[in-house]
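This report describes the arrangement of secondary structure elements in a predicted model.

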Amino acid sequence: MPTMPSGGSRPPAIEPHEYRRAAESFGSDAERYDRTRPRYPEGLVERIVSGSPGPRVLDVGCGTGIAARQFLAAGCTVLGVDPDARMAATARRLGTEVEVATVEAWDPAGRAFDTVVAAQSWHWVDPVAGAAVVRRALRPRGRFAAFWNVFQLPAEVARASAAALRRAIPDSSFDFEAMTRQAADVYRPMLDKVADGLRAVGGFDEPAEWRFTWEWSYTREAWLDMMPTQGALTRLPAESLAPVLDEVGAAIDSLGGGFTMPYTTVAVTALRAASP
């Protein structure tokens, strides 16, 4: 899950969309990111596609094209936008057309899309400036949907992760304690900001939330393989990352060497108004 910056005795809190070095660091190991990050429920993709006026999709913060390929498989045409040229290169190699830019600076150039999606990425976007670009890019009655895979680590793994990361990155503004709290509580402020951004810009129907629950089983090796793709760890040197993985691995070993993760995919979605 995104570990939101926090205040307290740490450096002053910053909004996730302002934390660009983390937002644009995932390309340091784009192949691992694409291999290990979870996909999205087919039911979500089907609901978005069936409720959109046509097949043209804009994927904001497309990364390596994980969600984009799911929409391509559903019969859509997809254009991705991502600020990291390394992630974009991997997405192109795997079949997604991508333009390199932050969405706030990206120009639709008169192009209109039936759907705009943001998979695991909208928390890196200024919620008002991003919504303004989406309004320009969407045709009337087109759908916007920002969605995240929200996971709930087993308590033992969550505690070990938070403790190890606090030791490895003591001055980080990321809120590692978020890993030990209920995921719904961690995401609530972020979901509200998406809806508030749409309302502030105007031109959208009232935002709604969708939820899809599912599970995925991880071996020790599979979870540790995915961990370095998380925002707090992407820029961590190998000598600092190794003890984090060792400590988390020991916690997973205490559970028998693996665990089943409950996921909830949450979406904030709204249709573009019929008239400006």
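In which sense do strand S4 and strand S5 pair, and over how many bridges? Strand S4 (residues 113–119) and strand S5 (residues 138–151) are paired in the parallel sense, over six bridges. Ala-118 stands opposite Ala-146 in S5.

The strand order S3-S2-S1-S4-S5-S7-S6 describes an open sheet of seven strands with mixed pairing. The edges are taken by strand S3 (97–100) and strand S6 (208–219); each has a single partner strand, so one side of each is left without a neighbour in the sheet. On average, neighbouring strands of this sheet are turned by 20° against each other, direction ignored.

Helix H3 (residues 42–50) packs on the sheet, where H3 touches S4, S5, S6 and strand S7 (258–271). Helix H5 (residues 85–93) lies across strand S2 (77–82) and S3. The angles involving helices are listed below.

| Helix | Partner | Angle |
|---|---|---|
| H3 (residues 42–50) | S6 | about 155° |
| H7 (residues 155–168) | H10 (residues 238–254) | roughly 165° |

The axes of H7 and H10 come within 9 Å. Their crossing angle is roughly 165°, and angles over 145 degrees count as roughly antiparallel; H7 and H10 are therefore roughly antiparallel to each other. H7 passes H10 in a right-handed crossing. Residues of H7 in the contact include Val-157, Ala-160, Ala-164 and Arg-167, while H10 contributes, among others, Val-244, Glu-247 and Ile-252. By class, ten nonpolar, two polar and three charged residues make up the contact of H7 with H10.

Terms used
Residues are numbered from 1 along each chain as its sequence is written. This is a predicted model: local features need pLDDT of at least 70, side-chain atom pairs count only at pLDDT 80 or more; totals for chains, interfaces and linings use all residues. Side-chain values use heavy atoms; hydrogens and water are left out. Axes are lines fitted to C-alpha atoms, for helices over the stretch in contact, and angles run from 0 to 180 degrees between N-to-C directions. Helices (H or I, at least four residues) and strands (E, at least two) are DSSP runs, numbered from the N terminus. Angles under 35 degrees count as roughly parallel, over 145 as roughly antiparallel, 65 to 115 as roughly perpendicular and the rest as oblique. A crossing is left-handed if the near helix is turned anticlockwise from the far one by less than a right angle, and right-handed if clockwise. Contact means heavy atoms within 4.5 Å. Ala, Val, Leu, Ile, Met, Phe, Trp, Tyr, Cys and Pro count as nonpolar, Asp, Glu, Lys and Arg as charged, and the others, Gly among them, as polar. Two strands pair if DSSP finds at least two bridges between them.
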